[in-house]
Amino acid sequence: MKLYKIKVLLCTCLYILFAACATNSQENTVQSPNGEIILTTGVSQDKPFYEIKRGKEIIIKHSNLGFRLKDGDFSHNFRLKKIEHRSCDEVWQEPWGQEEKVRNQYNELTMQLEEQSGLHRQLYIVFRVFNDGVGFRYIFPQQEAMKDFVIMDELTEYALPWDAQAWSIPTNGTKYFEALYKSSPVSQKDTVSTPVTIMANDSLYLVLHEANLTDYAGLNLTPEHQNKATLQSALTPWSTGEKVFASTPFSSPWRTIIIGRKPSDLILSRLMLNLNDPSRIEDTSWITPGRYIGIWWGMHMGKYTWGQGPKHGATTENTMRYIDFAAKHGFNGVLVEGWNWGWDGDWTTHGDQFSFTRSFPDFDLGKVASYACSKGVELIGHHETGGAARNYEAQLDSAYTLYHDVGVHIVKTGYVNPLLDNKEQHNSQYGVRHYRKVIETAARYHIMIDNHEPSMPTGLQRTYPNLMTQEGVRGQEYDAWSPDGGNPPEHTCIIPFTRGIAGPVDFTPGTFNFTNPVHPGTRVQTTVAKQLALYVVLFSPLQMASDMIENYENRPEFSFITSCPTNWAKTVVPDAEIGKYVVVARKDRKSENWFLGCITNEEARHMQVSLDFLDKNSIYEATLYCDGVNADYQTNPYPVTISREKVNSDTILNLQLAKGGGAAIRIEKR
Ligand code: NOJ
């Protein structure tokens, strides 16, 4: 792939270099461009540290930095050799996203450290301070004294000044990050996966995570034994216990601390993307966001099977029926799961049996793909690996050649097995390397990826915009069969502030029929209006309408899904409280229209939503899809009232949300 010349619309990268020979006692600061956030770093008693303030308010207390390497400690015995400062202010364009242009504005400080005795090895730490938070990374420069090395532990600390409430999912015992985010004081956490979202007080919210996870192990955090409000890094290990195998020159991912005054600030932060590298794909014209349906929910309902037999879902005939429906209702794609050899029997433990080039006899890939093409619809391919990463890697080229040749440009990948290749964790360096290989290979074949059971997203879609969306979340499928009854209503009021900060979420909303005959104790725990609102609240450039197509017949509210874009010029968050309610409005990239989603947890709520984000002096017509009379997610989830009214930028909408309900609104400029 050619290296991409990034389209920078306005780039005033100011390189202000102050090189200074520093003494060990010296502390050094760097401020955010607006002066509010102040980072101090230096070496104290031969150990590198950092601390962060917002004005006078301490956000991160004195926290240690460094590593434990296989051949010994690499966190003390340092002296500060040099400090460099640099600033950047640029605007870059997203091929797809929550807005068209992103401002990347920060002040940077690089601290060059050297061991005072012994091998005199060097370590650099780069800090970038933005108006919405801080990112820092370790750089191991090329040096004679350090070539290949092994990280046993990263020792980055986050010493929080308070034992605040935080939303997180446990690392141990959670498969594929598919758990319900729970709020509890930091000190009471076990090891948790990032993103971790912290409410320090009513004007201070933080998200701890990482950006640009490349050839490294995924980050988890664990409370320190003595001071339990201090979180320590706990990288995901290899099966042999090491965390990272590396050679100089080498950079760690960025450690990210998003800092906001309101929950909505967290959703609007683009710090994660700004800390990833510009796109490596030069021509992105083939990368197209859109809506899709699929032969999918029927499997979860027990109507179809992935494997062969009388209920096989992915037949030529059934797929053509789905293609007809997609063409009629303006969907871009049809996902087909269970089309290839390998599904018969227990595929979760026999992933190495999957063939990604051989179709089942009742599925004619060429015929179906060309039928889709004739209808202006794309087939979305599917590669479930059962976690057999090596088997998949061996077939990557042939599988993508086949899909490319029949005109399939989107592939959903999957890794259902607690371990990759029966050995390594999804979020380990092994997993991270595998997923990267898939994304890079797919890009060469002009294939977009929707990755399920991933390593946790870290904003990599900036560098590889063919990485469209990922799971790594407890998605809608849990409403079909989860033994605990399904996703509670608060779940989707938490995701935008937690997993959603990491990147696009393939949650797959849009179920219109809430019960499952196979699992009668499990159901969708929302109203239908809330299902609609999720298309705006949860960002994904590929959005699925998850239900079986027959369940959309004669449902006027389906028109919200078929009109809702998946690619946006602008995003605003008029109101939000984590776990309680969220209001998100987004402007379409292709028109002057806005779409608004408003959701609540298990409480009914009256919301007043100002439309002051609309253009002044313009008239719009709003179509409102609201919870109908007596709607209630438990007792009466189906009623939806559709109404129209003229609105403008002075309008304040009064929305009555049912328990577990929502409202979805299309606002068209007249
Ligand atoms: C789990 C995925 O999340 C789901 O979407 C998919 O249908 C199954 N694996 C089979 O690949």
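How many aromatic pairs does the structure hold? The structure holds 41 aromatic pairs, where rings of Phe, Tyr and Trp (its six-membered ring) pair if their centres lie within 6.5 Å, planes under 30 degrees apart counting as stacked, over 60 as edge-to-face and the rest as tilted. The model is predicted, so that local features need pLDDT of at least 70 and side-chain atom pairs count only at pLDDT 80 or more, while totals for chains, interfaces and linings use all residues. Residues are numbered from 1 along each chain as its sequence is written, and side-chain values use heavy atoms, with hydrogens and water left out.

**View 1. The aromatic pair of Phe140 and Phe250.** The ring centres of Phe140 and Phe250 are 6.2 Å apart and the planes stand at 55 degrees, so this pair is tilted. Because Phe140 belongs to strand 12 (residues 133-140) and Phe250 to strand 22 (residues 250-251), the pair ties together parts 110 residues apart in sequence; helices (H or I, at least four residues) and strands (E, at least two) are DSSP runs, numbered from the N terminus.

**View 2. The surroundings of the ligand.** Around the ligand are 14 residues, the closest being Trp296, Glu337, Glu384, Lys412 and Glu471, where a residue counts if one of its heavy atoms lies within 4 Å. An N or O atom in the side chain of Glu337 is 2.6 Å from an oxygen atom of the ligand, and for the side chain of His382 the corresponding value is 3.5 Å.

**View 3. Hairpins of strand 4, strand 5 and strand 6.** Strand 4 (residues 37-44) and strand 5 (residues 47-54) run antiparallel and are joined by 8 bridges, with Ile38 opposite Lys53. In the turn between them, Gln45 has a positive phi of about 50 degrees. Strand 5 also pairs with strand 6 (residues 57-64) in the antiparallel sense over 5 bridges, and in that hairpin Gly55 takes a positive phi near 60 degrees.

Terms used. Polar contact = N/O pair within 3.5 Å; in protein donor to acceptor, adjacent residues only side chain to side chain. Pairing = 2+ DSSP bridges.
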